[in-house]
Amino acid sequence: METAGTLPPHAADWSAHDGVPLMRTLASALTALDAVTGLNAFTLPYPPEVQRALDRTVLACLERGAQPPMSLPDLLAWCRERPMADWPVDLPADAVNPGDLLLDPVSSRPTELCHEWAEQSRDSALTHRDREIIHSALRLCREHGEEDAYTEFRRLLVNRPVLTSAEAFAVSVDHVLDPVKELVRRIYQPAPDSYIRADTYSVCGRCHTLLTPVRDGSWWCERDRCRRQGPPPVGRRIAVDEAGELLQLERPLRQFVTGPGRAEADLETALVKLGLRVRMWPAYDAYDLHVTFPDGWVWAIDVKDWAHPAFLGRAARPVRQEPRYDEAFWVVPRSRVEDRPGYIASYERNRPAAARTLPLLTDSTLTERARARLRGNEGGSLA
């Protein structure tokens, strides 16, 4: 994982655009507000982080002779209704696409793009929280010499972002997780009552995260990619009187670990079905999937479920050399590429020189290459 707050040398061209730090500050403030009490709960005086975002937005507008937002509610309306490409600020071409919003127009919650912009910021204490937790888990498991503990920790975050009291107790007595139990206790937080409808919590059948009730009787899923697939399917239902104190994984980990982890798990399933041997997060998360073909050929795969291809390109780096492999890939869900025209080209334009040879494939393309290689078709390999 990259060091928090650092940018690769090739990113210097973005620094010439004063809209970039503004959007980072604004996204950081929005995610911080949402994490604390929700975006509709604040009155004057605003928290310093929020006031700073509003002040910088007003100043940017005045410098360009544009009408600025007059208040925090006005600014939130901009974030919910006005695509970033239409803001009177200076942004590089790869920074935004038509239709990109910082807040979801239905729920008024930060979009995944908003969370990714916030990850680029140094303004918020929440920034890079996911990296802090993952680094802590890696350190603890290494100190105990328990690679299996780290693998099970990752599986827990991916597959079980919601825990009833009984399930949380079962996790607490699982000896495999002994090195990280205190960490687990800290990152699962009580779920707010806003998720309850008719004395029941509902879990998304695709994402495994809690669904938010909408006034018209529908459901809202926090994952942008899930919403684009249509109304979220209600999977598990948990009655309030059976849940005890229902816990959910904190938001930065749901965004940057659970979400991408679902894509990793789906790819693991697809490759295992082809008869391939797959190790998840080998050697304490050197990369995501270590895939071995029957002839001993090995693929190393890192899965990146990012909404913003330029941010993904700027984060690109060669895959670690151990455990050894013959070919390495970064992989993105096909839906990301379908949702954003020019996704892979934007990724390639923003890669640093050290990662110029690192290919980005969709999960479906990689699975087809695996099938081709199993058939002995040399077109299935990049070697």
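User: What makes β9 and β10 paired strands, and which residue of β10 is the bridge partner of threonine 292?

Analyst: In this predicted model, threonine 292 has valine 298 of β10 as its bridge partner. Four bridges join β9 to strand β10 (residues 298-303). Pairing needs at least two bridges, so β9 and β10 count as paired. The two strands run antiparallel.

User: Which residue in the hairpin of β9 and β10 takes a positive phi?

Analyst: Glycine 296, with phi near 95°. This hairpin has five residues between the strands.

User: How do you know that β9 also pairs with β8?

Analyst: Strand β8 (residues 277-280) and β9 are joined by four bridges. The cut-off is at least two, so they pair. They run antiparallel. Arginine 279 has histidine 290 of β9 as its bridge partner.

User: Why are both faces of β9 called covered?

Analyst: In a regular strand the side chains alternate between the two faces of the sheet. On one side of β9 (residues 289-292) lie Leu289 and Val291, and on the other His290 and Thr292. Buried means under 20% relative accessible area. Leu289, Val291, His290 and Thr292 are all buried, so both faces count as covered.

User: Why are α5 and α6 called roughly antiparallel?

Analyst: Helix α5 (residues 129-144) and helix α6 (residues 147-159) pack at about 150°, with axes 9 Å apart. Angles over 145 degrees count as roughly antiparallel, so α5 and α6 qualify.

User: What makes up their contact, by class and by residue?

Analyst: Ile133, Ile134, Ala137, Leu138 and Cys141 come from α5. Ala149, Tyr150, Phe153, Arg154 and Leu157 come from α6. By class, nine residues are nonpolar, none is polar and one is charged. Arg counts as charged, so Arg154 is the charged residue.

Key. Residues numbered from 1 in each chain as written. Predicted model: local features only at pLDDT ≥ 70, side-chain atom pairs only at ≥ 80, totals over all residues. Heavy atoms only, no water. Axes fitted to C-alpha atoms, helices over the stretch in contact; angles between N-to-C directions. Parallel < 35°, antiparallel > 145°, perpendicular 65-115°, else oblique. Contact = heavy atoms within 4.5 Å. Buried < 20%, exposed > 50% of the residue type's maximum accessible area, 1.4 Å probe, protein only.
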